[in-house]
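Me: I have a structure open and would like to understand the words used to describe it. Could you walk me through them?

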Amino acid sequence: MSRIPHADALAAVIERTARAFALVDADERASWVFARCWMLASRYEEHGWAPADIDAAIADFETLPGTLPGRAKLAAMMATALLRSGSLVGSERMGRAISLADVADADPAPLRDWPVTSATLRAADLLAAGQEGRPGFNPRTASADVERYALIVGDTEPHTKMIEMARLGLRHLIGQAEANIGEAQEVTQGARAFDDKLDPGSPLRDRSTLLTLLAEVHELGLRGDVLAAVDKLDEIRRVVDRLPLGDPLRLSSEQALASIEPLLDMLRPNRAPSGGDRNDSRTTPRTGNLTPPPDAALRRLEEFAREPDLPGSERALRLANLGTAELGMDTPQSVDSAVQHLHEALAAAADHDPRLAFYLLSAGAARIRRREMTGRADDLVRGIELLEQARALTEPTAQTLWTTIAMPLAHAYRLAGRTESCRLTALSGLRGHTWNVLLQANPDEMQAAARHAADDALDTARWCLTDHDIDRAVTALDAGRGLILYAATETRDIEARLVAKGDPALLQEWRQWTRGRRTPAEEPPSELRRKVVGALAGISMDPYGSLTTSPGEGTTRLLDPPDVHEVRAALVALGADALIYLVPGDERNGAAVVIPADAPPTWMQLPKLNDSGAAALDAFMREAAQGMTARSAQDREAATRDAGIKAPGVLSGISEWAWEAAIGPLLETHLAPPAGRPMRLVLIPVRELARVPWHAARRHVDGKRRYAMEQAVFSYAASARMFCGSAWRTAVPLTDRGLIVGDPDPGGRARDLPAARIEALAIRDHFYRDARYLGRGLDGQPSPEGPGTREEVLRWFADPDGGSVVHLACHGVVEERTSAGDSAYLVLDGGETLAAETLIRELGADPGREIALAVLAACSSGRCGRGYDEAFSLSTTLLAGRVRSVVGATWSVPDTATSVLMFLFHHFLRERGMPAADALREAQLCVIGHRELPDVMPKRLRDDLRLGDGSDIVSWAAFVHFGR
């Protein structure tokens, strides 16, 4: 007699049980239904997870009387089977599983393992609620609930892995809502680690891998690396293809990929939005730069959006993708169609759809753009309504979208003649940029978060100037500058600030973290940083961490730059006459915004201060990049010869343009010169104007060159924030003690700098006899005090008894940086590097270290590799690290001429007792022949100057002063 396979035997018993229903009375049927329900659930779990079995079991269960003995335990067993299937999250059966759990939870004597299973199941349901966008879902309260469930689960496997997946998934949803790069990076790292812990055959493996890839895409998108994010889609497709056919997660993922693929094909790098001027483009949501899609792509989007029987949320997403593509085409016909489709998306979306704010933004932007094209008044009214709704919806989370909405809404207000609302809305958006940057943990994340801040600030400032609102123009100009430096320094001394704040719970949490961190430089978790920044900014949060006020309503000055009154007080404290923002134009006029120390701020239009005037500097900077990084005159001459351009000639033209476009009008017509002394000016050049040596601006008088520095002492500032910070710090006296570094062996990374050794030794011997000398001697051998390693230099910066001055005569390198890595660094012994990113961290670790002066006699040490307005250079990071005055170079400089200038600078500083800015000016005037050389100058350096040409701007104009 052959045996019947076990599954078939169970099927036969199930069938016989069903037939028994007809043989028993209705009041006796419950026990038979119970039996069949149990057998169906058992076959589901033991023989292939067939959905029909569990669905039939659930249908049987729902007919059982609520008082039937054993019903609660049967519910627990069925819910456990659903959880073990590995396909519950994202499935329509999740709701049924929770209903079963509700029954099982009511059991006064539950199965031994049920509390762990119930907690795991409810954690999974919270993740599903977030992914589905259920009404009332809040990822932060859900995360708090998951942590409560985690305590119940403990270390029970495999439940702990399911709890961890729910935890990561909810953090991913929080990161999506709030667009915090640090949080996104932590989720990505956590997802990778979780994925690595799973067995290859785990039912969670593909889901975990998919979560990891989605987290990576989200992080890349926040960093602005759209192409890298798009490249991840192929990996996502491969994972989706591995999911079982019919799996809900596979179906939803396939639909999502198909709906967005045509839109992603339109993303291209380095393309400006088509049509309109700068302000027009501000009405378009920042989803990437779109290239017009081919008709076939639009047809695919249209067909996909019109498929029958779609859920409302899915149809809304597809219609929004179609409308966004059409808006990116920017023709009257495409914008008109975009308006229609985006409004259809709004109609299809539920009130709780997590993407609703983006739909409102897109629809509002499309309306405003159509108003610009056609003049339709109703579009302006309706567009403003939609944008206001979008901003109100995002306000409680203060996500990046809240900040993004500010500029199109401000632009819309301006079109409507509501200029005051325009300015206030734009300024609140700038506060949002500062908030977003302060939340980040390192310069790479800060740069990504700040990538739109400078442009928004410049547009806002221009609106304010047009309306003659100079005070707010000053606020706007500074709000978009130096945010990396500000964020890296403003969140120091947290413990003392929390003590002053009077928040004992947060103070205790911070102290607990600091006691447990592995190194002093370790950054706090993103959530803790968010709480601290919120507390210091005066932004209230609920117990779960959700904001109850937006960054626009912060009660402290953390999110705002100093006002005009504070800037004037700082000018008085430092003995300066005025702080001046130089604002570039494009096709329009540029401007100078002037804050005098003793009068209200003013501004003047500068018609020639535009893009075309500074174009010649691009050629010079390209030439410098080709061969001037070695501080060598020979290298400079070779680079000039190879480029076919004579660098001094290029810079001479720039200097004459600088006088004509800005400095001349300011000195000759706008500023009243003080009696008996040169004017003292602090410059903040905006955007590409930061490249120009304004102190070397010149004109010809009676056939002779006359430079701006003859009439004024120039200092430069990264921002008014940093300028005021320098003013409020106490002065540090110069002493004979310090650190001098001369041409450490670059280990083959660059050429030797023999003149740098002469310079460094002469400066030590003449002015700082008790200073430590690192690097190489005149004979090329390492100094007995040390060869100048990275560790030696950092050790000096950390030594409170090391002295008050540091002079670094070595190679400097700047790399344009938009991704992770060092953007500016010094090359030290053995080719080791000391980067600005390291300095900002290391100097911040010891708030008690006081340094009077840092001189960076190195190429490009005053130039930023992270964007002009960030002003994140070796010089400014030292200044942010509480060094009182810094001198650095804004381009590559020749070795011999630099050595002459540096000796002269220290002479005027130490022997004549001049402030650093004045000493640099005097040294530069010496080089151009307007001052007598000091008798103490070593003969070799004196001879080097005679061999040079003082009119060669390259040899002296690169050096600028920052700070006190």
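**Buried residues and salt bridges**

Reply: Gladly! Asp379 is buried, with a relative accessible area of 0%, since buried means under 20%, exposed over 50% and partly exposed in between (1.4 Å probe, protein chains only). This is a predicted model, in which local features need pLDDT of at least 70 and side-chain atom pairs count only at pLDDT 80 or more, while totals for chains, interfaces and linings use all residues. Residues are numbered from 1 along each chain as its sequence is written, and side-chain values use heavy atoms, with hydrogens and water left out.

Me: What makes Arg376 and Asp379 a salt bridge?

Reply: Their closest N and O atoms are 3.6 Å apart. The definition asks for a side-chain nitrogen of Lys or Arg within 4 Å of a carboxyl oxygen of Asp or Glu, so the pair of Arg376 and Asp379 qualifies. Arg376 itself counts as partly exposed, at 34% relative accessibility.

Me: How do you know that Arg382 and Glu385 lie about one turn of the helix apart?

Reply: Both are in helix α19 (residues 377–394), 3 residues apart; helices here are DSSP runs of H or I with at least four residues, strands are runs of E with at least two, and both are numbered from the N terminus. An α-helix has 3.6 residues a turn, so residues three or four places apart point the same way. Arg382 and Glu385 also form a salt bridge, with the closest N and O atoms 3.2 Å apart. Arg382 is partly exposed at 26%, and Glu385 is partly exposed at 37%.

Me: Why are Asp469 and Arg423 called buried?

Reply: Asp469 has 14% relative accessibility and Arg423 has 8%, so each falls under the cut-off for buried. The two form a salt bridge, with 2.9 Å between the closest N and O atoms. This pair links distant parts of the chain, 46 residues apart: Asp469 is in the loop between α23 (453–466) and α24 (470–479), and Arg423 is in helix α21 (residues 419–438).

Me: What makes several salt bridges one network?

Reply: Shared partners do: salt bridges join Asp336, Arg367, Arg370, Arg376, Asp378 and Asp379 in this way. A search of the whole structure finds 67 salt bridges.

Me: How do you know that the buried residues of α12 are on the same side?

Reply: In helix α12 (residues 233–242), Leu233, Ile236, Val239 and Val240 are buried. They cover an arc of only 120° around the axis, which puts them on the same side of α12; the arc is that of the directions from the helix axis to the C-beta atoms.

Me: Why do strands β8 and β9 count as paired?

Reply: Two strands pair if DSSP finds at least two bridges between them. Strand β8 (residues 738–742) and strand β9 (residues 772–775) are joined by 4 bridges, so they meet that definition, and they run parallel. Val741 stands opposite Leu774 in β9.

Me: And what makes the β-α-β unit right-handed?

Reply: The unit is made of β8, helix α34 (residues 754–767) and β9. Right-handed means that, with the strands pointing away from the viewer, the path from the first strand over the helix to the second runs clockwise.

Me: Which residues is Arg355 in contact with, its neighbours within four places in sequence aside?

Reply: Those are Ser313 and Leu317, where contact means heavy atoms within 4.5 Å. Arg355 lies in the loop between α17 (332–348) and α18 (356–374).
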